[in-house]
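Here is a short briefing to read alongside the model. Please keep the 3D view open as you go through the points.

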Amino acid sequence: MTERPDIVLAVIPILAFSGLALRSMILATGMGTGLLALPLVVVGWVGALAVIGWELLFGPVPSRVSTT
């Protein structure tokens, strides 16, 4: 059975890689130019960092620390 830590640890690399994968698909199909698809790589990394920051600030550990 998957629990919250397992899901969070799975989401981080998926988000980090998703921007690169989406950019590669757009460039391979020829539907966009490199300049239009370039920010997609950054969006994936920012999403992964946002998940890490969210877990550090608002996850289960800070909520347990603040109640004791």
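**Salt bridge, pocket and surface**

Arginine 4 and glutamate 55 join their side chains in a salt bridge, with 2.6 Å from N to O. The pair ties together distant parts of the chain, since arginine 4 sits in helix α1 (residues 4–29) and glutamate 55 in helix α3, 51 residues apart. This is a predicted model, in which local features need pLDDT of at least 70 and side-chain atom pairs count only at pLDDT 80 or more, while totals for chains, interfaces and linings use all residues. Residues are numbered from 1 along each chain as its sequence is written, and side-chain values use heavy atoms, with hydrogens and water left out.

**Overall build**

- The protein chain has four helices and zero strands (DSSP runs numbered from the N terminus, H or I of at least four residues for helices, E of at least two for strands).
- Along the sequence, the pattern reads α-α-α-α.
- Of the 68 residues in the protein chain, 10% are buried (under 20% relative accessible area, with exposed over 50% and partly exposed in between, using a 1.4 Å probe and protein chains only).

**More on the salt bridge**

- A search of the whole structure turns up one salt bridge (a side-chain nitrogen of Lys or Arg within 4 Å of a carboxyl oxygen of Asp or Glu).
- Arginine 4 counts as partly exposed because its relative accessibility is 42%.

**The largest pocket**

- The largest pocket has a volume of about 210 Å³ (a pocket is an open set of points on a 1 Å grid where a 1.4 Å probe fits, with protein on both sides within 12 Å along at least five of seven lines; lining residues have an atom within 4 Å of a point).
- It is lined by 14 residues, of which Pro5, Val8, Glu55, Pro60 and Val61 are the closest to its centre.
- Two or more lining residues come from each of α1, α3 and α4 (60–67), and α1 gives the largest share, five residues.
- By type, the lining of the largest pocket divides into 10 nonpolar residues, one polar and three charged.

**A nonpolar surface patch**

- Leu49, Ile52, Trp54, Leu56, Leu57 and Phe58 make a nonpolar surface patch of about 700 Å² (residues with over 30% relative accessible area and no salt bridge, nonpolar side chains being joined within 5 Å and like charges within 9 Å).
- Leucine 49 belongs to helix α3 (residues 39–58), and this leucine 49 counts as exposed because its relative accessibility is 57%.

Definitions and conventions. Areas by Shrake-Rupley, 256 points an atom, 1.4 Å probe, with all protein chains shown as cover. Points joined across faces, edges and corners; volume = space filled by probe spheres on them. Nonpolar A, V, L, I, M, F, W, Y, C, P; charged D, E, K, R; others polar.
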